[in-house]
Amino acid sequence: MELDKNCIFCRIAAGEIPSDKVYEDEQVVAFKDLNPQAPVHVLVVPKAHFATLAEMGEEGAELVKHAMQVIPQLAKRLGLAGGYRLIVNQGADAGQTVMHLHIHLLGGTPLGEKIV
């Protein structure tokens with residue numbers, strides 16, 4: 001999978017656009033959301049470009065798997081021992097504003113039973 005030069009998350013992953021990174025390895029990057037919805041709101045982004053789970057293919061599935069393995073370690077490092085929420089918006093109707101698959105990691109306060 002390749003990067004999309006017009007995608008803001010691809011450009012962040014490539015280091016072309018600055019971000020407040022909290023984690024990075026060869027496969028994913030995690031950075032603070034610019035419009036946080038909780039005290040801790042981090043986006044975990046595969047470095048390869050695909051918009052949705054439906055577009056991910058085998059390589060993308062491995063990246064999502066890797067992200068899910070990184071998230072518990074990241075959550076612990078961010079002080080989310082009491083719990084956290086993961087959200088993956090899929091398409092405009094679900095509120096996805098950047099068409100590059102990303103996982104919202106939210107926590108740092110009791111989030112309640114509502115979705116967001």
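Ser19 sits in the loop between helix 1 and strand 1, where helices (H or I, at least four residues) and strands (E, at least two) are DSSP runs numbered from the N terminus. The model is a predicted one, so local features need pLDDT of at least 70 and side-chain atom pairs count only at pLDDT 80 or more, while totals for chains, interfaces and linings use all residues. Residues are numbered from 1 along each chain as its sequence is written, and side-chain values use heavy atoms, with hydrogens and water left out.

Back to Ser19, then. At 28% relative accessibility, Ser19 counts as partly exposed; buried means under 20% relative accessible area, exposed over 50%, and partly exposed in between (1.4 Å probe, protein chains only). Leaving aside residues up to four places away in sequence, Ser19 touches Ile12 and Phe31, a contact being heavy atoms within 4.5 Å. Ser19 and Ala48 are 29 residues apart in sequence, and their C-alpha atoms are 17 Å apart in space.

Next come the charged pairs. Side chains of opposite charge can pair when their charged atoms come close. A search of the whole structure turns up four salt bridges, each being a side-chain nitrogen of Lys or Arg within 4 Å of a carboxyl oxygen of Asp or Glu. In one of them, Asp20 meets Lys32 at 3.7 Å, N to O. Asp20 belongs to the loop between helix 1 and strand 1 (21-24) and Lys32 to strand 2, so this pair ties together parts that are 12 residues apart in sequence. Asp20 is partly exposed at 44%, and Lys32 is partly exposed at 43%.

Lys47 and Glu24 make another salt bridge, at 2.9 Å from N to O. Here Lys47 lies in the loop between strand 3 and helix 2 (57-77) and Glu24 in strand 1, so the pair ties together parts 23 residues apart in sequence. Lys47 counts as buried at 19%, whereas Glu24 is partly exposed at 38%. Lys21 joins in too: Lys21, Glu24 and Lys47 are linked in a network of salt bridges. Arg11 and Glu16 also pair up, with their closest N and O atoms 3.1 Å apart; Arg11 is partly exposed at 33% and Glu16 is exposed at 53%.

What about the greasy parts? A nonpolar core is a set of buried Ala, Val, Leu, Ile, Met, Phe, Trp, Tyr and Cys residues joined through side-chain atoms within 4.5 Å. The largest one has 13 residues, of which Ala30, Val42, Val44, Leu74 and Leu105 touch the most other members. Strand 2, strand 3, helix 2 and strand 5 (103-107) each give two or more residues to this core, and helix 2 gives the most, with four. Leu74 has contacts with Val22, Tyr23, Ala30, Val42, Val44 and Leu105, again not counting residues up to four places away in sequence. Apart from this core lies another, of 10 residues, including Phe9, Cys10, Phe31 and Leu43.

Finally, the open space. The largest pocket is lined by 21 residues, and Phe9, Phe31, Asp33, Leu34 and Leu43 lie nearest its centre. Helix 1 (8-13), strand 2 (28-32) and strand 3 (40-46) give two or more residues each to this lining. On a 1 Å grid over the protein atoms alone, a pocket is an open set of points where a 1.4 Å probe fits, with protein on both sides within 12 Å along at least five of seven lines, and lining residues have an atom within 4 Å of a point.
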